[in-house]
Amino acid sequence: MRNFKKFLALVLATLMVASMMVFTAPAASAYAPTGDYADDIALLNAFGVDVAGASINKFADVSASAWYAPYVAKGYELGVTSGISDTMFGSGREITREEASAMALSISKAFGKSFNADGTVFTDDASISNWAKDAVYALKGAGVINGIGDGSFAPKANCTRAQAAVIIYALINR
């Protein structure tokens, strides 16, 4: 279980911080759960993630000298991050709710966890990309995600830090 927690922290933090959000920490006294800040990388230290030896960098938008490069490499080596194309990881762009769901399910599967859809669909199902539907509905069925309160999921909306924290917490405790 400890390894799952480490890995989950690694990949979700990579996803939130390095790949899809610009890393700009708020003032030390502020916490902005819906901002574009990505100072939650401290979560990695809490789980003692070891990225030593992680070196695969096939993404043109991830500089080998970037502080997050070993985290991206480790996620790629483990098969749970693949980027937004064969050559681009998505550094500097925010992650959508459907992308976060796909990543979260991929991490869970890497550790032998499985979730099943419960048969219900979001009211904006037609807006969810086909490649993300299995992940969205598996996480919905497990109670990891619940939509935005009006029966919809808002798949193309940016995943906020608060929403990512809910996903991380739910997966660690499943």
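Here are a few friendly notes on this predicted model, moving from the whole protein to two of its residues.

1. Start with the overall fold. The protein has six helices and zero strands, so reading along the sequence gives the pattern α-α-α-α-α-α.

2. Of the 174 residues in the protein, 48% are buried. The exposed surface comes to about 8,200 Å², and carbon and sulfur atoms supply 53% of that area.

3. Now find Asp-124, in the loop between α4 (97-110) and α5 (130-141). Which residues does Asp-124 touch once its neighbours within four places in sequence are left aside? They are Ser-152, Phe-153, Ala-154 and Pro-155. With Phe-153 there is a detail to look at: its backbone nitrogen lies 2.8 Å from a polar atom of the Asp-124 side chain.

4. Stay with Asp-124 for its charge. This residue is buried yet has no salt bridge. The nearest side chain of opposite charge belongs to Arg-97, 7.3 Å away, whereas a salt bridge needs the two charged groups within 4 Å.

5. Finally, turn to Val-80, in the loop between α3 (69-77) and α4. Is Val-80 buried or exposed? Val-80 counts as buried because its relative accessibility is 7%, and the cut-off for buried is under 20%.

Notes:
Residues numbered from 1 in each chain as written. Predicted model: local features only at pLDDT ≥ 70, side-chain atom pairs only at ≥ 80, totals over all residues. Heavy atoms only, no water. Helix = DSSP H or I, 4+ residues; strand = E, 2+ residues; numbered from the N terminus. Buried < 20%, exposed > 50% of the residue type's maximum accessible area, 1.4 Å probe, protein only. Lys, Arg positive; Asp, Glu negative; His and termini not counted. Polar contact = N/O pair within 3.5 Å; in protein donor to acceptor, adjacent residues only side chain to side chain. Contact = heavy atoms within 4.5 Å. Areas by Shrake-Rupley, 256 points an atom, 1.4 Å probe, with all protein chains shown as cover.
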